[in-house]
Amino acid sequence: MKDSIDSIYQTYFNDIYYFLLSLCHNHHSAEDLVQETFFRAHLYLETFQGKNVKAWLFTVAYHVFIDQFRKNKRLVVKENDFFQEKMDNAQRTEETVLLKEEIQRVINMLKVLPEKQRMAVLLADFQELTTEEGAMVMNISPTYFKVLLFRGRQTIRQRGKQIRE
(Lines give C-alpha, C1' and ligand atoms only; values in the text may rest on other atoms or scores of the structure.)
Protein backbone atom coordinates (compact mmCIF):
# COMPACT_ATOMS: atom_id res chain seq x y z
CA MET A 1 0.00 0.00 0.00
CA LYS A 2 1.61 3.24 -1.16
CA ASP A 3 -0.47 5.73 0.82
CA SER A 4 0.21 6.40 4.46
CA ILE A 5 -2.65 6.64 6.93
CA ASP A 6 -1.87 10.35 7.35
CA SER A 7 -2.30 11.14 3.66
CA ILE A 8 -5.44 9.00 3.50
CA TYR A 9 -6.81 10.79 6.57
CA GLN A 10 -6.15 14.22 5.09
CA THR A 11 -7.58 13.27 1.71
CA TYR A 12 -10.78 11.55 2.86
CA PHE A 13 -11.56 12.95 6.30
CA ASN A 14 -14.27 15.37 5.10
CA ASP A 15 -15.96 12.81 2.85
CA ILE A 16 -16.07 10.20 5.61
CA TYR A 17 -17.18 12.75 8.21
CA TYR A 18 -20.09 14.08 6.13
CA PHE A 19 -21.11 10.56 5.15
CA LEU A 20 -21.27 9.47 8.78
CA LEU A 21 -22.94 12.74 9.79
CA SER A 22 -25.64 12.13 7.21
CA LEU A 23 -26.23 8.71 8.76
CA CYS A 24 -26.27 9.59 12.44
CA HIS A 25 -27.26 13.31 12.31
CA ASN A 26 -25.06 14.11 15.29
CA HIS A 27 -21.79 16.03 15.06
CA HIS A 28 -20.21 14.41 18.11
CA SER A 29 -21.24 10.89 17.13
CA ALA A 30 -19.95 11.47 13.60
CA GLU A 31 -16.58 12.61 14.97
CA ASP A 32 -16.35 9.50 17.15
CA LEU A 33 -17.30 7.27 14.22
CA VAL A 34 -14.70 8.95 11.97
CA GLN A 35 -12.00 8.31 14.54
CA GLU A 36 -13.07 4.68 14.86
CA THR A 37 -13.12 4.37 11.05
CA PHE A 38 -9.57 5.63 10.67
CA PHE A 39 -8.42 3.55 13.64
CA ARG A 40 -9.74 0.40 11.95
CA ALA A 41 -8.30 1.54 8.62
CA HIS A 42 -4.91 1.96 10.29
CA LEU A 43 -5.11 -1.56 11.68
CA TYR A 44 -5.85 -3.14 8.29
CA LEU A 45 -4.11 -0.76 5.88
CA GLU A 46 -1.09 -3.02 5.42
CA THR A 47 -3.27 -5.97 4.41
CA PHE A 48 -5.52 -3.93 2.08
CA GLN A 49 -5.13 -5.32 -1.44
CA GLY A 50 -7.72 -3.29 -3.36
CA LYS A 51 -7.14 -0.38 -5.67
CA ASN A 52 -9.83 2.01 -4.47
CA VAL A 53 -9.00 3.36 -1.02
CA LYS A 54 -12.04 5.66 -0.97
CA ALA A 55 -14.53 2.84 -1.49
CA TRP A 56 -12.72 0.72 1.09
CA LEU A 57 -12.87 3.57 3.64
CA PHE A 58 -16.59 4.02 3.03
CA THR A 59 -17.03 0.29 3.62
CA VAL A 60 -15.14 0.56 6.90
CA ALA A 61 -17.16 3.66 7.88
CA TYR A 62 -20.44 1.95 7.05
CA HIS A 63 -19.54 -1.06 9.19
CA VAL A 64 -18.43 1.20 12.05
CA PHE A 65 -21.80 2.96 11.85
CA ILE A 66 -23.72 -0.34 11.78
CA ASP A 67 -21.73 -1.65 14.75
CA GLN A 68 -22.45 1.52 16.72
CA PHE A 69 -26.11 1.48 15.68
CA ARG A 70 -26.49 -2.08 16.89
CA LYS A 71 -24.86 -1.19 20.19
CA ASN A 72 -27.08 1.83 20.71
CA LYS A 73 -30.41 1.03 19.12
CA ARG A 74 -31.46 4.57 19.94
CA LEU A 75 -29.41 7.30 18.29
CA VAL A 76 -29.77 10.92 19.26
CA VAL A 77 -31.00 12.87 16.25
CA LYS A 78 -29.50 16.32 16.01
CA GLU A 79 -29.87 18.10 12.71
CA ASN A 80 -28.92 21.66 13.58
CA ASP A 81 -25.25 21.11 12.72
CA PHE A 82 -26.02 19.31 9.45
CA PHE A 83 -24.61 21.22 6.45
CA GLN A 84 -23.34 23.90 8.83
CA GLU A 85 -20.44 24.64 6.51
CA LYS A 86 -22.85 25.64 3.74
CA MET A 87 -24.75 27.83 6.18
CA ASP A 88 -21.54 29.63 7.10
CA ASN A 89 -20.91 30.40 3.44
CA ALA A 90 -24.30 32.03 2.89
CA GLN A 91 -23.85 35.76 2.30
CA ARG A 92 -27.17 37.31 3.16
CA THR A 93 -29.99 36.58 5.56
CA GLU A 94 -32.36 35.64 2.74
CA GLU A 95 -29.84 33.18 1.33
CA THR A 96 -29.38 31.67 4.78
CA VAL A 97 -33.12 31.22 5.27
CA LEU A 98 -33.62 29.70 1.82
CA LEU A 99 -30.63 27.41 2.22
CA LYS A 100 -31.82 26.28 5.65
CA GLU A 101 -35.27 25.47 4.24
CA GLU A 102 -33.77 23.55 1.32
CA ILE A 103 -31.48 21.56 3.62
CA GLN A 104 -34.41 20.70 5.87
CA ARG A 105 -36.38 19.46 2.85
CA VAL A 106 -33.49 17.22 1.80
CA ILE A 107 -33.16 15.84 5.34
CA ASN A 108 -36.89 15.17 5.53
CA MET A 109 -36.90 13.43 2.15
CA LEU A 110 -33.98 11.22 3.15
CA LYS A 111 -35.69 10.33 6.43
CA VAL A 112 -38.68 8.77 4.68
CA LEU A 113 -36.51 6.36 2.72
CA PRO A 114 -35.90 2.85 3.98
CA GLU A 115 -32.36 2.49 5.33
CA LYS A 116 -30.89 0.64 2.34
CA GLN A 117 -32.37 3.11 -0.16
CA ARG A 118 -31.11 6.04 1.93
CA MET A 119 -27.63 4.48 1.99
CA ALA A 120 -27.64 3.98 -1.78
CA VAL A 121 -28.71 7.59 -2.41
CA LEU A 122 -26.13 8.95 0.04
CA LEU A 123 -23.31 6.89 -1.45
CA ALA A 124 -24.17 7.59 -5.10
CA ASP A 125 -25.51 11.14 -5.04
CA PHE A 126 -23.77 12.75 -2.08
CA GLN A 127 -20.48 10.84 -1.94
CA GLU A 128 -20.33 10.26 -5.72
CA LEU A 129 -19.31 6.61 -5.52
CA THR A 130 -19.84 4.45 -8.59
CA THR A 131 -22.42 1.66 -8.62
CA GLU A 132 -19.70 -0.92 -8.05
CA GLU A 133 -18.15 1.05 -5.19
CA GLY A 134 -21.50 1.67 -3.52
CA ALA A 135 -22.43 -1.99 -3.86
CA MET A 136 -19.11 -2.96 -2.33
CA VAL A 137 -19.67 -0.61 0.63
CA MET A 138 -23.12 -2.07 1.26
CA ASN A 139 -21.96 -5.63 0.54
CA ILE A 140 -24.64 -6.19 -2.10
CA SER A 141 -24.62 -6.84 -5.84
CA PRO A 142 -24.30 -3.85 -8.20
CA THR A 143 -27.69 -4.75 -9.69
CA TYR A 144 -29.39 -4.60 -6.30
CA PHE A 145 -27.58 -1.32 -5.59
CA LYS A 146 -29.03 0.12 -8.80
CA VAL A 147 -32.51 -1.02 -7.78
CA LEU A 148 -32.18 0.59 -4.34
CA LEU A 149 -30.84 3.80 -5.88
CA PHE A 150 -33.63 3.93 -8.45
CA ARG A 151 -36.33 3.36 -5.85
CA GLY A 152 -34.81 5.89 -3.45
CA ARG A 153 -34.56 8.56 -6.13
CA GLN A 154 -38.08 7.78 -7.31
CA THR A 155 -39.46 8.19 -3.79
CA ILE A 156 -37.62 11.50 -3.40
CA ARG A 157 -38.98 12.77 -6.74
CA GLN A 158 -42.53 11.77 -5.84
CA ARG A 159 -42.25 13.38 -2.43
CA GLY A 160 -40.83 16.53 -4.03
CA LYS A 161 -43.81 16.72 -6.38
CA GLN A 162 -46.24 16.30 -3.47
CA ILE A 163 -44.57 19.12 -1.55
CA ARG A 164 -44.74 21.49 -4.54
CA GLU A 165 -48.43 20.79 -5.13
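Mentor: Start with helices: they are DSSP runs of H or I at least four residues long, numbered from the N terminus, while strands are runs of E of at least two. This is a predicted model, so local features need pLDDT of at least 70 and side-chain atom pairs pLDDT 80 or more, while totals for chains, interfaces and linings use all residues. Residues are numbered from 1 along each chain as its sequence is written, and side-chain values use heavy atoms, without hydrogens or water.

Now the part itself: the largest nonpolar core. It holds 43 residues. Such a core joins buried Ala, Val, Leu, Ile, Met, Phe, Trp, Tyr and Cys through side-chain atoms within 4.5 Å. Buried means under 20% relative accessible area, exposed over 50%, and partly exposed in between (1.4 Å probe, protein chains only). Ile16, Phe19, Leu20, Leu57, Leu123, Met138 and Phe145 touch the most other members. Domain 1 (1–88) and domain 2 (93–164) both contribute, so the core lies between them. Those bounds come from an automatic or database domain assignment. In general, nonpolar side chains tend to be buried together in soluble globular proteins.

Zoom in on Phe19. Leave out residues up to four places away in sequence. Phe19 then touches Phe58, Ala61, Tyr62, Met119, Leu123 and Gln127. Touching, or contact, means heavy atoms within 4.5 Å.

Next, look at Thr59. This residue sits in helix α3 (residues 53–71). Its relative accessibility is 13%, so Thr59 counts as buried. Beyond its neighbours within four places in sequence, Thr59 contacts Met136 and Val137.

Now follow the chain through two loops. Glu128 lies in the loop between α6 and α7. Its phi is positive, about 60 degrees, although Glu128 is not a glycine. Glu128 is exposed, with a relative accessible area of 64%. Asn139 lies in the loop between α7 and α8. Asn139 has a positive phi of about 60 degrees, and is not a glycine either. It too is exposed, with a relative accessible area of 64%.

Last, go to helix α2 (residues 27–44), where Leu43 is found. Leu43 is partly exposed, at 48% relative accessible area.
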